[in-house]
Amino acid sequence: MSLNDPQWGNRGNDDGGGKRPNQGPPDLEQLWRDLNRRLSGIFDRKRGGGGDRGGDRGGDRPPVQFNPKFLGGGIGLLLALVVVVWLASGFYIVDASQVGLVLQFGRYKESTDSGLRWRLPYPIQSHELVNVSGVRTLEIGYRGSEKNKVLKEALMLTDDENIINIQFAVQYILKDPVDYVFTNRHADDAVMQVAETAIREVVGKNKMDFVLYEGRDTVAANASKLMQEILDRYKTGILISKVTMQNAQPPEQVQAAFDDAVKASQDRERQKNEGQAYANDVIPKARGTAARLTEEAEGYKKRVIATAEGDASRFRQINTEYAKAPEVTRSRMYIETMQQVYSNTSKVMVDAKGQGNLLYLPLDKLIQAAGAVAAAPATGSAEVPAAVRSTPAISNEVPPQVVEKNEARSRETLRQRDRESR
């Protein structure tokens, strides 16, 4: 605005055209209103040309004196204000969990850290803020809750041609925001497709029982590794942090039959364990019994062999003695045999045809008494059993008639055997 304007700072507000005291320049709003009023007067003057219409209007408002310097000064101030606002639009704030990506004419230029940053205003440069520390979660086979199943994603085929319903969650973060924003379009959708592809490949290479029970952690780990390989190959800038299997079960249509099969499998395992426990109990006992019988048989074998060898050696010794004195050897052998036979029996043999007195010897009582007397010194007791005390004293002397008859019978028997041997 020009200072040569006769109305600059001299127009009053209350005195109807008097001079206003010098209180500093007017505000911008007042200047803008004055500018609009002058521009309106100029355009009306050009449009009316000075007829009756212009005369009527000229009587209502004072004549306007167009000053090009005043118009140029207002436009310059306005342009300066617009430039300041445009330059101020280049300031932006980056949070601690974010990374700022500056684009120049739509092409990536640089990355900025957290804090107050400035770039050239639009359309020269622009920026995008990307959260790199937040954990993103992707749900496969369900949405929100395990009851809200998405069968199109959850049903998968195993290696043994069985269908299972599997639900899992994928958690991932950004390791390279540049690749995440510029290399791929809709990177989050790519993660969904990659996750479904990887889990289907891993499930398709394993048996149904392995996926449902003992191999759940293994399946999740293999799926996470395969997903990361695919995402790195596509340069998505995404890092898989964890893959969690939420639920894995057969389809609802065959759940009852599958439960029966599981119960049968459990019964089979239980019976196998019981049989194994019984075998562990019986087999060691049988092996111990077999070892004991083997040792006993070996001992019996050695005892029989030793007895036979001893008998053979004794027979050879007797044969040698018999060759030297046959008569004496025969008599001694006969007497020893009879002594052995009579010592093991409690019966009494009496020659009923011979003449003489019958002598009854209670050998069974005598044997018992002899055993009791032999046991008494060992125990230190001086008492004698009543059966022994009641037994009458028997003389060890044999009547001469019995002795003579026995000797004659023995000699006759020996002669008969000698004749038979010759």
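Visitor: Which residue takes a positive phi just after α8?

Guide: This is a predicted model, in which local features need pLDDT of at least 70, side-chain atom pairs count only at pLDDT 80 or more, and totals for chains, interfaces and linings use all residues. Residues are numbered from 1 along each chain as its sequence is written, and side-chain values use heavy atoms, with hydrogens and water left out. Helices (DSSP runs of H or I, at least four residues) and strands (runs of E, at least two) are numbered from the N terminus. Just after α8, a positive phi of about 55° is taken by lysine 235.

Visitor: How many helices and strands are there in the protein, and what share of its residues counts as buried?

Guide: The protein has 13 helices and eleven strands. A residue is buried under 20% relative accessible area, exposed over 50% and partly exposed in between, with a 1.4 Å probe and protein chains only. Of the 422 residues, the share that counts as buried is 22%.

Visitor: What span does α8 reach from its first C-alpha to its last?

Guide: The expected span of a helix is 1.5 Å times one less than its number of residues. α8 has 19 residues, and 27 Å is expected. The model comes close to this, with a reach of 27 Å.

Visitor: What covers the buried residues of α8?

Guide: The buried residues of α8 include Val219, Ala223, Leu226 and Ile230. Contact means heavy atoms within 4.5 Å. The cover includes β10 (163-174), α6, α7 (208-212) and β11 (238-249).

Visitor: Are α6 and α8 parallel, antiparallel, perpendicular or oblique to each other?

Guide: Axes are lines fitted to C-alpha atoms, for helices over the stretch in contact, and angles run from 0 to 180 degrees between N-to-C directions. The axes of α6 (residues 187-204) and α8 (residues 216-234) come within 9 Å and cross at roughly 135°. Under 35 degrees counts as roughly parallel, over 145 as roughly antiparallel, 65 to 115 as roughly perpendicular and the rest as oblique. The two helices are therefore oblique.

Visitor: How many nonpolar residues are in the contact of α6 with α8?

Guide: Residues of α6 including Val191, Val194 and Glu201 meet residues of α8, among them Asn222, Leu226 and Tyr234. Ala, Val, Leu, Ile, Met, Phe, Trp, Tyr, Cys and Pro count as nonpolar, Asp, Glu, Lys and Arg as charged, and the others, Gly among them, as polar. One residue of this contact is polar and one is charged, while the nonpolar residues number 14.

Visitor: Is aspartate 189 buried, partly exposed or exposed?

Guide: Aspartate 189 lies in helix α6. Because its relative accessibility is 47%, aspartate 189 counts as partly exposed.
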